[in-house]
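Colleague: Can you walk me through this one? I'd like to hear about the pockets, the salt bridges and the surface.

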Amino acid sequence: MIPATWAGHPAPRRPRPGRIAVMTHADDTTTAPAKTPAKDPWELPDVSGLVVGVLGGTGDQGRGLAYRLARAGQQVVIGSRNAERAQTAAAGLGLGVEGADNAECARRSDIVIVAVPWDGHAKTLESLREELAGKLVVDCVNPLGFDKQGAYALTPDEGSAAQQAAALLPDSRVTAAFHHLSAVLLQDPEVDEIDTDVMVLGEVRADTDLVQALAARIPGMRGVFAGRLRNAHQVESLVANLISVNRRYKAHAGLRLTDV
């Protein structure tokens, strides 16, 4: 216990929790270190020189993404279990798109978009663990079921398709994005701009910035950071609601985030 006075002087004050007490001479001038300015969230890297691979690029969603990115000037490689099928799809798109089997697609790409059907998701990624090591992987798979009442969300054991990808690819940098895009609009050459936001999730800001920048390459589209991978389930699940919207209103609905 410190007495009220010590040698006739007031007792020294204890520093408050969380603060640091600094002793200086009366004639010293101290200047607090300047804070590093917060990074502008819209300051994104240049991704125009990166090669983008699309696993499942012969399906509607994958082919649509490949077309839009190639149309924006990105170098794109379509992947499929069958190289000949991938090459045929690539030739149909033109724009310099190339086709290869999934393993070759993964090896040749800097960023790899996973657009395979949910029922083949785990098996595909397990088979490509070595080829995807060190790669930036963008999972856009939506685990859905369908019955007479329409689409409904499934919950993988890992929590989401993106979390399953992260578990299966421990040596890759896994993100999640491109879930809410209409395959019809993506593939329509008469549509010049796709008016929508892309919710991007991931653990490392440098990686999510790259994916946001990739989304922004497509006219009308904007990538917006939406949290870590633990939040991917509700983003993937929302597609079931959009399917219901589209069926009721005969539309191709997407998302726009306000006040951002």
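Predicted model: local features only at pLDDT ≥ 70, side-chain atom pairs only at ≥ 80, totals over all residues.

Colleague: How does the lining of the largest pocket split by class?

Modeller: There are 18 polar, 16 nonpolar and 6 charged residues in that lining.

Colleague: And the second largest pocket, how much space lies in it?

Modeller: About 190 Å³. Its lining has 13 residues, with Arg205, Thr208, Asp209, Gln212 and Phe225 closest to the centre. The elements giving two or more residues to this lining are α7 (205-216) and β12 (221-225). Here α7 gives the most, with 4 residues. By class, the lining of the second largest pocket has 6 nonpolar, 4 charged and 3 polar residues.

Colleague: On to salt bridges. How many salt bridges does the count come to?

Modeller: The count is 12. One of them joins Arg107 and Glu131, with the closest N and O atoms 3.6 Å apart. Arg107 sits in helix α3 (residues 102-108) and Glu131 in the loop between α4 and β7, so this bridge ties together parts 24 residues apart in sequence.

Colleague: Is Glu131 buried or exposed?

Modeller: Glu131 counts as buried, because its relative accessibility is 18% and the cut-off for buried is under 20%.

Colleague: What does Asp197 pair with?

Modeller: The side chain of Asp197 meets that of Arg256 in a salt bridge, at 2.5 Å from N to O. Asp197 is in strand β11 (residues 196-202) and Arg256 is in the segment after α8, so the bridge ties together parts 59 residues apart in sequence. Asp197 is buried, at 1% relative accessibility, while Arg256 is partly exposed at 40%.

Colleague: Which residues are linked in a network of salt bridges?

Modeller: Asp195, Asp197, Arg222 and Arg256 are linked in a network of salt bridges.

Colleague: And what about Glu203 and Arg228, how far from N to O?

Modeller: That salt bridge has an N to O distance of 2.8 Å. Glu203 lies in the loop between β11 and α7, and Arg228 in the loop between β12 and α8, 25 residues apart. Glu203 is partly exposed at 41% relative accessible area, and Arg228 is partly exposed at 44%.

Colleague: New topic. Where does Asn142 lie?

Modeller: Asn142 is in the loop between β7 (136-139) and β8. At 19% relative accessibility it counts as buried. Its C-alpha is 6.8 Å from that of Ser237, although the two are 95 residues apart in sequence.

Colleague: And Pro156, buried or exposed?

Modeller: Pro156 is buried, at 8% relative accessibility. It lies in the loop between β9 (150-153) and α5 (161-168).

Colleague: Last one, the surface. Which residues form a nonpolar patch there?

Modeller: Trp42, Leu257 and Val260 do, with about 260 Å² of accessible area together. Trp42 is in the loop between β2 (9-10) and β3 (51-55), and counts as partly exposed at 39% relative accessibility.

Conventions. Residues numbered from 1 in each chain as written. Heavy atoms only, no water. Patch = residues over 30% accessible without salt bridge, like charges linked within 9 Å, V, L, I, M, F, W, Y side chains within 5 Å. Areas by Shrake-Rupley, 256 points an atom, 1.4 Å probe, with all protein chains shown as cover. Salt bridge = Lys/Arg side-chain N within 4 Å of Asp/Glu carboxyl O. Buried < 20%, exposed > 50% of the residue type's maximum accessible area, 1.4 Å probe, protein only. Nonpolar A, V, L, I, M, F, W, Y, C, P; charged D, E, K, R; others polar. 1 Å grid on protein atoms, 1.4 Å probe; cavity = no way out; pocket = protein on both sides within 12 Å on 5 of 7 lines; lining within 4 Å. Points joined across faces, edges and corners; volume = space filled by probe spheres on them.
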